[in-house]
Amino acid sequence: MKKFALVPVLAALAAVATLAGFSTAQAQTTTYTLDPTHTFVTWEALHFGTSTSRGRFDKKEGKIEIDRAAKTGKIDITIDMASINTGVAPFDNHLKGKDFFDVTTHPTARFQASGFSFDGTKVSAVQGTLTMLGKMQPVELKASRFNCYDNPFFKREVCGGDFETTIQRSLWGSTYGLPGIPDNIRLVVQVEAIKQ
Amino acid sequence: MKMPPMLPLVICGLLCTSAVRAQPLQYVLDPDRSWVHFEVLHFNTSTIRGRIGPVNGLVLLDAAAGSGDVRLAVRTGSVSTGLGFFDARLRQDDLLASEAFPEAYFVATRFTFSQGRVATLRGEFTWRGVSLPLELTALRYACRLDDSAALRAEVCGGDFEGEVLRSEYGASFGLPLVGNRVRLLVQVEGRRPIAGSQVKTP
């Protein structure tokens with residue numbers, strides 16, 4: 001029976017998604033609530049020009065609206081910066097401290113977007129702003145894949161994809177360790193969201 | 001005048017750099033910088049990522065001879081995706097099988113070098129008790145002198161990439177909705193301690 005342990009969890013998530021869902025019911029716009037089990041931001045930073053260190057933000061929430069007929073949309077995602085996770089506790093603590101994300105002063109980062117590019121019916125890029133360390137800067141996420149499907153667990157449509165971008169952390173005032181710790185940070189984003 | 005025959009050898013012993021020595025150098029993996037990230041496609045829509053590690057092991061390299069030997073192990077129960085219940089599901093018998101087979105291994109002795117740098121390594125990956133050939137390709141590779149630690153060390157490492165078909169190892173849950181191809185992104189840095197007197201400050 002343990003094979004099906006995932007199903008109740010997914011059903012509970014679907015129920016939460018249902019409760020959260022009835023705020024938007026406009027003509028063409030479909031609202032999707034993030035599936036936190038398939039939505040992650042992973043970052044990649046080159047370490048001394050040798051190897052790539054990776055980390056992840058584990059807690060996030062948000063909402064996506066898409067009108068595939070009008071080719072418009074809206075995204076609002078908030079990331080809990082204290083949920084950073086590299087697998088190395090001292091590294092996590094350093095990243096949470098004043099040298100990097102200063103999570104006591106800036107506990108969240110927020111990505112808001114209303115610029116959507118489509119390739120046919122598929123989202124190909126999203127233009128918005130990333131607010132981090134109290135500074136707002138433009139960011140464009142490019143889709144390396146995008147798809148919608150009927151999810152058998154939620155019994156709902158799920159849309160999602162893989163997105164990526166490279167940001168210069170100095171634009172948000174993050175300058176510790178430059179240039180040994182590089183300015184360019186690659187963000188790799190998995191996202192799936194459940195139709196409401 | 002005759003030169004004592006031993007003298008050139010003595011001079012070489014004092015002065016010759018490691019590159020000239022016909023002897024492999026041993027590196028111990030740095031657990032802070034040695035991790036496996038995996039990627040699997042979910043419903044042909046988005047990429048599930050997870051981390052396993054740190055990777056433990058030893059690497060012997062002889063760049064001059066173009067040879068090497070790597071023996072690595074990783075505890076699959078260390079899997080971390082950011083979701084506790086998902087990690088627990090992954091550890092079960094039809095996926096990582098972490099209880100029956102706590103460790104996965106990679107052993108490789110077939111190295112290729114390009115301009116003195118490790119380019120590919122071919123060996124055998126053992127997971128869930130199944131051993132199959134696996135090639136890892138270096139996306140980047142570099143060595144540096146680490147002067148920051150109490151013990152000076154030469155650090156060599158890079159990013160390596162490989163791919164396994166999980167069905168070949170018997171990890172079949174969720175096929176085909178969750179992809180069969182598992183992309184492995186391996187960060188690795190190995191350290192070789194160097195006594196201070198043997199190294200010139202760059």
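What pattern does chain A follow when it is read along the sequence? Chain A follows the pattern α-β-β-β-β-β-β-α-β-β-β-β-β, with 2 helices and 11 strands, where helices (H or I, at least four residues) and strands (E, at least two) are DSSP runs numbered from the N terminus. The structure is a predicted model, in which local features need pLDDT of at least 70 and side-chain atom pairs count only at pLDDT 80 or more, while totals for chains, interfaces and linings use all residues. Residues are numbered from 1 along each chain as its sequence is written, and chains are lettered from A and ligands numbered from 1 in the order in which they are written.

Chain B contains 2 helices and 10 strands, and its pattern along the sequence is α-β-β-β-β-β-α-β-β-β-β-β. A residue is counted as buried if 20 or more other C-beta atoms lie within 10 Å of its own, as exposed if 12 or fewer do, and as partly exposed in between, with C-beta atoms placed from the backbone. Buried residues make up 33% of the 196 residues in chain A and 32% of the 202 residues in chain B. Two residues are in contact if their C-beta atoms, placed from the backbone, lie within 7 Å. Among contacts between residues at least 6 apart in sequence, 54% join residues at least 24 apart in chain A, and the corresponding value in chain B is 54%.

Several strands of chain A are paired, a term used if DSSP finds at least two bridges between two strands. Strand S8 (residues 122-132) and S9(A) pair in the antiparallel sense over 8 bridges, and Leu130(A) has Gln137(A) in S9(A) as its bridge partner. The hairpin of S8(A) and S9(A) has 2 residues between the strands, and Leu133(A) takes a positive phi near 50 degrees there. S9(A) also pairs with S10(A), in the antiparallel sense and over 9 bridges, with Val158(A) in S10(A) as the bridge partner of Tyr149(A). These two strands, S9(A) and S10(A), form a hairpin with 4 residues between them, and Lys155(A) in the turn has a positive phi of about 50 degrees.

Strand S2(A) takes part in two antiparallel pairings, one with S3(A) over 7 bridges and one with S11(A) over 5 bridges. In the pairing with S3(A), Trp43(A) has Gly55(A) as its bridge partner, and in the hairpin of S2(A) and S3(A), which has 3 residues between the strands, Phe48(A) takes a positive phi near 50 degrees. On the other pairing, Phe40(A) stands opposite Gln190(A) in S11(A).

Val189(A) lies in strand S11 (residues 184-195) of chain A. Val189(A) is classed as buried because 22 other C-beta atoms lie within 10 Å. When residues up to four places away in sequence are not counted, Val189(A) touches Val41(A), Leu141(A), Phe163(A) and Glu164(A). Val189(A) and His38(A) are 151 residues apart in sequence, yet 9.9 Å apart in space from C-alpha to C-alpha.

The contact between the chains takes 30 residues from chain A and 30 residues from chain B. On the side of chain A that touches chain B, the elements that give two or more residues are helix H1 (6-20), strand S2 (40-47), strand S3 (51-57), strand S9 (135-151), strand S10 (156-168) and S11. The largest share of this side, 5 residues, comes from S3(A).
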